[in-house]
Amino acid sequence: MVIRTLRAAPLSRRALLSSLAAAGAASIFRPRTASAQGVAILTRPIPSTGERLPLVGLGSWITFNVGDDPAARDSRAEVMRAFFHDGGRLIDSSPMYGSSQEVIGYGWNRVGRPSQLFSAGKVWISSGAHGPGQIEESRRLWGVPRFDLLQVHNLMSWEEHLPTLFAMKKAGRLRYVGITTSEGRRHDEIEKVMRSQPIDFVQVTYNVLDREVEDRILPLARERKIAVICNRPFQQGALIRMVERHPVPSFAREIDCTNWAQVLLKFIVSHAAVNCAIPATSRVDHVRQNVGASFGRLPDEPMRRRIVAHVQAL
């Protein structure tokens with residue numbers, strides 16, 4: 001794809017030199033990965049088992065819904081290749097996300113089916129009786145022998161689906177059970193499930209501007225020993241587009257960040273209750289920036305407050 005782009009729009013000398021300079025800078029600031037540099041990626045344990053997950057995963061909402069387009073499928077496979085190369089594990093998807101599950105399965109197979117994949121799928125159907133069939137179709141599309149985590153998407157018919165998921169877990173056909181919501185919806189019901197059901201994971205929206213879960217959900221997760229996945233870390237791109245109009249703050253160096261994406265992600269994953277943030281992207285350079293937030297120093301509480309104040313002032 002790069003070759004075709006260069007042929008279609010030849011670079012001027014100035015643009016070429018700028019491009020080379022940017023590439024050089026990218027190589028200097030590229031996150032040091034466990035595989036390439038022997039530097040440990042930052043992880044946090046899943047409370048119910050102690051298994052450790054890297055702090056940044058990969059979402060697939062919109063970005064992996066590319067249908068049968070072969071070039072787009074190959075480009076998403078390269079995103080997955082870079083994600084795994086730099087130490088990533090958890091990939092999240094849902095039957096709601098169009099062709100995303102099939103594209104993930106295609107990409108995982110194309111990059112050699114790395115065993116480090118932590119497959120986080122969802123069940124999203126109103127009929128509890130049809131849940132097992134949807135789960136099996138999702139498993140087939142991903143190409144995995146079993147899911148690591150299955151989540152009831154947006155709490156749809158959770159009373160019917162959770163018994164199915166718990167039974168699968170007991171039978172060894174599933175490792176973890178969870179629930180999800182997004183955009184701050186249904187937090188009262190999320191709390192109800194967290195208090196009454198032996199779930200392993202909860203997925204909620206959390207970012208530097210959407211912090212409602214700090215009041216009750218995140219403390220309850222710590223109390224109940226439930227792992228937390230955070231969706232919409234960039235508000236579906238709106239937040240990153242807003243902050244990128246401004247320079248990266250100088251204090252970013254104090255937490256080993258070289259770009260805005262890493263600052264925003266490190267704010268999220270530095271919360272002690274959070275196990276993983278799942279930014280979605282269709283670009284290799286962006287996935288490498290995102291995973292870079294799993295390395296280096298994390299913000300302490302004064303720095304977290306500083307990040308919030310700085311973004312709110314923009």
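Select Cys-230 and Ala-277: the two stand opposite each other, the latter in β9. Their strands, β8 (residues 227–231) and β9, are parallel and share two bridges; two strands count as paired if DSSP finds at least two bridges between them. Helices (H or I, at least four residues) and strands (E, at least two) are DSSP runs, numbered from the N terminus.

The model is a predicted one, where local features need pLDDT of at least 70 and side-chain atom pairs pLDDT 80 or more, while totals for chains, interfaces and linings use all residues. Residues are numbered from 1 along each chain as its sequence is written, and side-chain values use heavy atoms, with hydrogens and water left out.

**The sheet**

Show all strands of the sheet next. The sheet is open, has seven strands in the order β3-β4-β5-β6-β7-β8-β9, and pairs in parallel.

Now select β4. Strands β3 and β4 run parallel and are joined by three bridges, and Asp-92 has Ala-120 in β4 as its bridge partner. Is β4 buried or exposed? Six of its six residues are buried, so β4 is largely enclosed by the rest of the structure. Buried means under 20% relative accessible area, exposed over 50%, and partly exposed in between (1.4 Å probe, protein chains only). Phe-118, Ala-120 and Lys-122 lie on one side of β4, with Ser-119, Gly-121 and Val-123 on the other.

**Helix α11 and the core**

Move to α11 (residues 260–269). Ten of its ten residues are buried, including Gln-262 and Lys-266. The cover comes from elements including β1 (43–45), β8, α10 (238–243), β9, α12 (284–291) and α13.

Select the largest nonpolar core, which has 77 residues. Such a core is a set of buried Ala, Val, Leu, Ile, Met, Phe, Trp, Tyr and Cys residues joined through side-chain atoms within 4.5 Å. Helix α11 contributes the most to this core, eight residues. Leu-264 is among the members that touch the most others, as are Ile-91 and Ile-307. Beyond four places in sequence, Leu-264 is in contact (heavy atoms within 4.5 Å) with Val-208, Phe-234, Leu-239, Ile-240, Val-243 and Val-311. Another core, of twelve residues, lies apart from the largest one and includes Leu-90, Leu-149, Phe-201 and Cys-276.

**Two helix pairs**

Show α11 with α13 (residues 301–313): their axes come within 10 Å and cross at roughly 130°. The two are therefore oblique to each other, a label for angles that are not under 35 degrees (roughly parallel), over 145 (roughly antiparallel) or 65 to 115 (roughly perpendicular). Residues meeting there include Trp-260 and Phe-267 in α11 and Arg-304 and His-310 in α13.

Finish at α7 (residues 158–170) and α8 (residues 187–196), which pack at about 35° with axes 13 Å apart. Here Trp-158, Glu-159 and Leu-162 in α7 meet Glu-189, Lys-192 and Val-193 in α8.

Conventions
Axes are lines fitted to C-alpha atoms, for helices over the stretch in contact, and angles run from 0 to 180 degrees between N-to-C directions.
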